[in-house]
Every structure is written in structure tokens, then in C-alpha cells.
Amino acid sequence: MKALVLEEYGRFEYKEVARPEIGPKEVLVKVEVCGICGSDVHGMDGSTGRRIPPIIMGHEASGEIVEVGAEVESWSIGNRVTFDSTVYRLDDWYTKRGLYNLSDKREVLGVSPGDFRRHGAFAEFVSIPEHILHTIPDSVTYEQAAMVEPIAVALHALRLAEVDPSQRCVVVGVGMIGVFVLQALRALGVETVYAVDLNSRNRERAMKQGAAEAFDPAEEGLVERIQGMTEGRGVDLAIEAVGIEPTVNLAVDLLRKGGTAVLVGNLAPDVSFPLQKVVTRQLRIQGSCAICGEYPDALELIEKGKIRVDEHIAAVAPLSEGAAWFEKLKNNLVSGKVILKP
Ligand SMILES: [Zn+2]
């Protein structure tokens with residue numbers, strides 16, 4: 001089969017590789033489309049250390065089952081499916097407690113951080129364990145289904161935040177995940193969601209998706225401005241979807257006393273932490289990792305039109321042209337999701 005292989009940092013090759021073998025509880029999915037995630041773009045040059053070459057990346061995919069393992073019972077050839085980006089074990093201590101995203105020895109599709117290498121879906125076929133598959137509703141296209149993963153990431157963060165519609169929220173960083181956090185907050189009935197992003201295109205997009213206001217973080221006096229819009233208190237909830245020191249600190253600074261910051265972004269491994277502010281203002285800092293069961297909800301939100309995804313698709317391009325699209329994304333020449341089609 002053909003695959004887009006990251007051969008070394010910064011260099012792809014579109015080439016012939018062996019078709020994946022499937023185990024007894026796995027299925028072979030013929031990939032229809034696979035979206036390029038920001039984490040793939042940041043991974044390809046080695047900056048995150050989570051895409052050690054050689055690796056076939058790609059974890060935001062959808063396709064059709066073309067082969068089923070001997071012990072697979074609930075899936076058949078021809079089923080339209082998408083799948084979780086996390087491959088987890090069913091017999092794990094965490095999985096048994098409903099926390100499969102934290103399970104030990106979990107692997108992520110299309111990721112190779114050193115302790116595992118799991119080839120992903122920038123290929124004609126991918127092997128997937130049956131327990132991470134999800135049916136795509138008839139009215140949802142393969143392209144739309146490829147957007148489910150980032151939506152599910154957003155929903156997971158909001159589940160941990162215990163959102164209440166009366167809360168006032170800020171989303172720091174409205175790239176793909178951040179804009180879905182914003183759309184999901186609006187779908188949950190939250191009226192006031194502020195957006196913060198350096199990029200003016202992202203701010204404009206946030207306004208179109210229902211942000212109450214979108215701010216440039218470089219703006220002088222931003223914290224005071226948002227406090228002024230919240231009776232001097234600050235917001236109840238901040239979702240941080242970048243993961244570098246200035247944005248983490250901004251998310252904390254924008255909170256009212258007793259507020260919650262959910263950290264989703266994690267570009268930087270370490271940031272300096274405002275300990276006294278967090279303690280004396282009794283802030284809750286909640287990390288959010290990946291997805292834990294939010295796929296069906298995400299698919300339903302797309303199916304019912306409560307989260308619109310089509311306008312975020314920047315391009316659907318042949319997988320053979322993948323390297324050029326990675327380059328464009330790296331240089332910030334495209335905004336929105338680029339979807340590759342084997
Ligand atoms: Zn992703």
C-alpha cells in the first residue's frame with residue numbers, strides 16, 4: 001500500500017510499504033480521509049519528540065472496514081467508521097475505572113515518542129482494535145468524521161471543567177482545538193465566551209463561531225479589560241489551548257477568585273507556575289488529556305448541526321501531496337483543517 005512516511009525530521013516520502021497485519025480483535029480500515037493535526041505539524045520537525053522517524057502519522061481519520069479479525073463480533077466489512085486516537089488496553093487499572101485516556105501502556109495512533117511506535121492513518125490502510133471504533137452516522141460525511149477527534153478533545157476538556165451555562169468563559173488560543181472548545185461551549189448554552197489569539201484570522205473565525213469578543217493578547221491592559229467586562233472579577237472558566245508560558249499565565253490571570261483553568265495545550269514541557277496566585281485566589285488548575293469516551297457525543301453534535309465543521313476544512317488534498325501541505329501548515333499559510341485522501 002502507499003503511505004506518507006516521515007523518514008527523518010522534516011522529510012516525508014510517499015512510498016510503498018507493507019499493508020498492516022490485523023490481530024484477531026482488530027479490523028483493517030481502508031482510510032477514506034485523514035486530517036493533519038497541529039501535533040503532527042509540531043511533531044514532524046522533532047520539536048515535541050513525539051514523532052520519532054520513521055513513522056506514518058495521522059490519527060484523525062475515517063474509513064471503511066475491509067477486513068475483520070477472527071474474534072471480531074460487532075463489526076463487519078463495509079461499516080463506515082472513525083476511531084479513537086488512543087489505543088488502550090481493556091484490562092488496565094485505569095480503563096476499568098473509566099479513565100482509559102490515562103491507562104498504562106496506552107498508545108496513540110501515528111505517534112512514536114520512544115517507548116512505542118504505532119503507525120497511523122496517512123496510508124491506504126490502518127489496523128484498528130475493534131474496541132476503539134465508532135460508527136459514522138449516515139448523514140455525516142467521511143470528511144466531517146475526520147474532524148471528530150479534535151471536537152472530542154474539546155468536549156473532554158469541558159466535561160472536566162463541569163461547565164454551567166451561566167458561566168463566563170475565555171478560550172486562550174482559538175486554533176482548531178480552541179475553536180471547537182468555543183463552539184462546544186456555545187452548543188452547551190454558554191452565552192459569554194471570550195477568545196484570545198495572536199492570529200487575526202483565528203480571531204475573526206472565533207467571532208463567526210459565536211465569541212462574545214476576540215482579543216489580541218498583545219493588547220495592552222487585556223486582563224483589566226476582561227475584568228471590566230465581568231464586574232471586576234474575571235472569568236469563571238479559562239480553557240488554555242496553546243501550552244506555552246505566556247498563554248498559561250494569561251489564562252490564570254483572567255480567572256476570578258475560585259475560578260477554574262483547564263489546560264489542554266502542552267507545547268512546552270515546562271512553564272513557570274504562578275504558585276501564590278493559584279493558592280491565594282483558590283484557583284482550580286485541571287489538566288485535560290486527549291479523549292475519554294466523547295466520540296459518540298462529538299458525532300452527534302456534528303450530525304445534529306450543533307457544531308459546524310465544514311467551514312473549518314481548508315482543503316481536501318491527495319495523500320501524495322501531503323508533504324507540501326505539511327510545509328504550508330508549518331509556515332502558517334493555511335488556516336483550518338487540511339484533510340488528506342489516500
Ligand atoms: Zn489531533
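The structure is a predicted model, in which local features need pLDDT of at least 70 and side-chain atom pairs count only at pLDDT 80 or more, while totals for chains, interfaces and linings use all residues. Residues are numbered from 1 along each chain as its sequence is written, and side-chain values use heavy atoms, with hydrogens and water left out.

A zinc ion is held by four protein donors: Cys37 (SG), His59 (NE2), Glu60 (OE) and Glu149 (OE). Their distances from the ion run from 2.1 to 2.7 Å. Donors are N, O and S atoms within 2.8 Å of the metal (3.2 Å for Na, K and Ca); water is not among the atoms, so sites may look incomplete. The spacing of the donor residues in sequence is C-x21-H-E-x88-E. His59 and Glu149 link distant parts of the chain, 90 residues apart. His59 sits in the loop between helix 1 (38-43) and strand 4 (60-68). Glu149 belongs to helix 4 (residues 148-161). Helices (H or I, at least four residues) and strands (E, at least two) are DSSP runs, numbered from the N terminus.

The geometry at the zinc ion is irregular, because the four donor atoms subtend angles of 78 to 158 degrees. Four donors count as tetrahedral if all angles lie between 85 and 135 degrees; four count as square planar and six as octahedral if opposite donors are over 155 degrees apart and all others between 65 and 115; anything else is irregular. For four tetrahedral donors, the ideal angle at a metal is 109.5 degrees. His59 is buried, since its relative accessibility is 4%. Glu149 is also buried, at a relative accessible area of 8%. Buried means under 20% relative accessible area, exposed over 50%, and partly exposed in between (1.4 Å probe, protein chains only).

The protein chain is divided into domain 1 (2-147 + 309-341) and domain 2 (151-287). These bounds come from an automatic or database domain assignment. The C-alpha centres of the two domains lie 28 Å apart. Contact involves 11 residues of domain 1 and 10 residues of domain 2, where contact means heavy atoms within 4.5 Å. The area buried between the domains is about 890 Å². Carbon and sulfur atoms give 53% of this area. Within domain 1, Met147, His312 and Ser335 supply 47% of the area buried against domain 2, more than any other three residues. Buried area is the accessible area (1.4 Å probe) that two parts lose on being put together, summed over both. The count of salt bridges between domain 1 and domain 2 is zero.

Most residues other than glycine have a negative phi, and most peptide bonds are trans. Pro53 and Pro54 are joined by a cis peptide bond, with omega about -5 degrees. Pro54 lies in the loop between helix 1 and strand 4. Glu162 has a positive phi, near 55 degrees. Its place is the loop between helix 4 and strand 10 (168-172). Glu162 is exposed, at 59% relative accessibility. Glu231 likewise has a positive phi, of about 50 degrees, although it is not a glycine. Glu231 lies in the loop between helix 7 (222-228) and strand 13 (235-240). With a relative accessible area of 53%, Glu231 is exposed.

The whole structure contains 23 salt bridges. A salt bridge is a side-chain nitrogen of Lys or Arg within 4 Å of a carboxyl oxygen of Asp or Glu. Asp236 and Arg256 form one of them, at 2.6 Å from N to O. This pair links distant parts of the chain, 20 residues apart: Asp236 in strand 13 and Arg256 in strand 14 (residues 255-263). Asp236 is buried, with a relative accessible area of 15%, whereas Arg256 is partly exposed, at 25%.

Arg225 and Glu219 meet in a salt bridge at 2.7 Å, N to O. Arg225 is partly exposed at 38% relative accessible area, and Glu219 is partly exposed at 26%. Glu13 and Arg11 are bridged at 3.2 Å, N to O. Glu13 has 33% relative accessibility and counts as partly exposed. Arg11 is partly exposed at 36%. Glu8, Arg11 and Glu13 are linked in a network of salt bridges.
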